[in-house]
Amino acid sequence: EEGNTHHNAKRFEEAVIDYSRAIELDPTYALAYINRGYAYYNKQQYEQAMRDYTRALELDPNNTWVRDNKARLEKKMGKR
């Protein structure tokens, strides 16, 4: 929840820290990877965002939001 508050306030570094804590508590929590990936994306740390989106899809393969955003990121990074 704190991660979302930080993210909405555009405090992306604080959001990354909070989402990372959530992942430490539950490494299978796909939403934490999704949100941290989006925070990384907003910080223009695209490799980290890609890692988190990839992990989120491993945990939640039917998540179309992540799949679509990962594809956009791949295109942005020139991987498509």
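**Rings, core and a loop residue**

Modeller: Let me start with Tyr41, which is partly exposed, with a relative accessible area of 28%. Please keep in mind that this is a predicted model.

Colleague: Okay, and what about Tyr38, how does that one count?

Modeller: Tyr38 has a relative accessibility of 33%, so it counts as partly exposed. Tyr38 and Tyr41 are both in helix H3, which covers residues 30–42, and they lie 3 residues apart, about one turn of the helix.

Colleague: How many aromatic pairs does the structure hold?

Modeller: There are 4 aromatic pairs in the structure. One of them joins Tyr38 and Tyr41, whose ring centres are 6.4 Å apart and whose planes meet at 5°, and because planes under 30 degrees apart count as stacked, that is what this pair is called.

Colleague: And what kind of pair do Tyr38 and Trp65 form?

Modeller: That aromatic pair is edge-to-face, with 5.7 Å from centre to centre and 80° between the planes. Since Tyr38 belongs to helix H3 and Trp65 to helix H5 (residues 64–76), the pair ties together parts that are 27 residues apart in sequence. Trp65 itself counts as partly exposed, at 38% relative accessibility.

Colleague: Which residues do the ring pairs link into a cluster?

Modeller: The cluster that the ring pairs make consists of Tyr38, Tyr41, Tyr46, Tyr53 and Trp65.

Colleague: Switching to charges, what sits over the ring of Tyr33?

Modeller: That is the charged end of Arg55, which lies 5.9 Å from the centre of the Tyr33 ring.

Colleague: Now the inside: which residues of the largest nonpolar core touch the most other members?

Modeller: That core has 17 residues, and those touching the most other members are Ala39, Ala56, Val66 and Leu73. Two or more residues come from each of helix H2 (12–25), H3, helix H4 (46–59) and H5.

Colleague: Which helix gives the most to it?

Modeller: H4 does, as it contributes 6 residues to this core.

Colleague: Last one, where is Gln44, and is it buried or exposed?

Modeller: Gln44 is placed in the loop between H3 and H4, and at 58% relative accessibility this residue counts as exposed.

Methods: Residues are numbered from 1 along each chain as its sequence is written. This is a predicted model: local features need pLDDT of at least 70, side-chain atom pairs count only at pLDDT 80 or more; totals for chains, interfaces and linings use all residues. Side-chain values use heavy atoms; hydrogens and water are left out. Rings of Phe, Tyr and Trp (its six-membered ring) pair if their centres lie within 6.5 Å; planes under 30 degrees apart count as stacked, over 60 as edge-to-face and the rest as tilted. Helices (H or I, at least four residues) and strands (E, at least two) are DSSP runs, numbered from the N terminus. Buried means under 20% relative accessible area, exposed over 50%, partly exposed in between (1.4 Å probe, protein chains only). A charge sits over a ring if NZ of Lys or CZ of Arg is within 6 Å of the ring centre and within 35 degrees of the ring normal. A nonpolar core is a set of buried Ala, Val, Leu, Ile, Met, Phe, Trp, Tyr and Cys residues joined through side-chain atoms within 4.5 Å.
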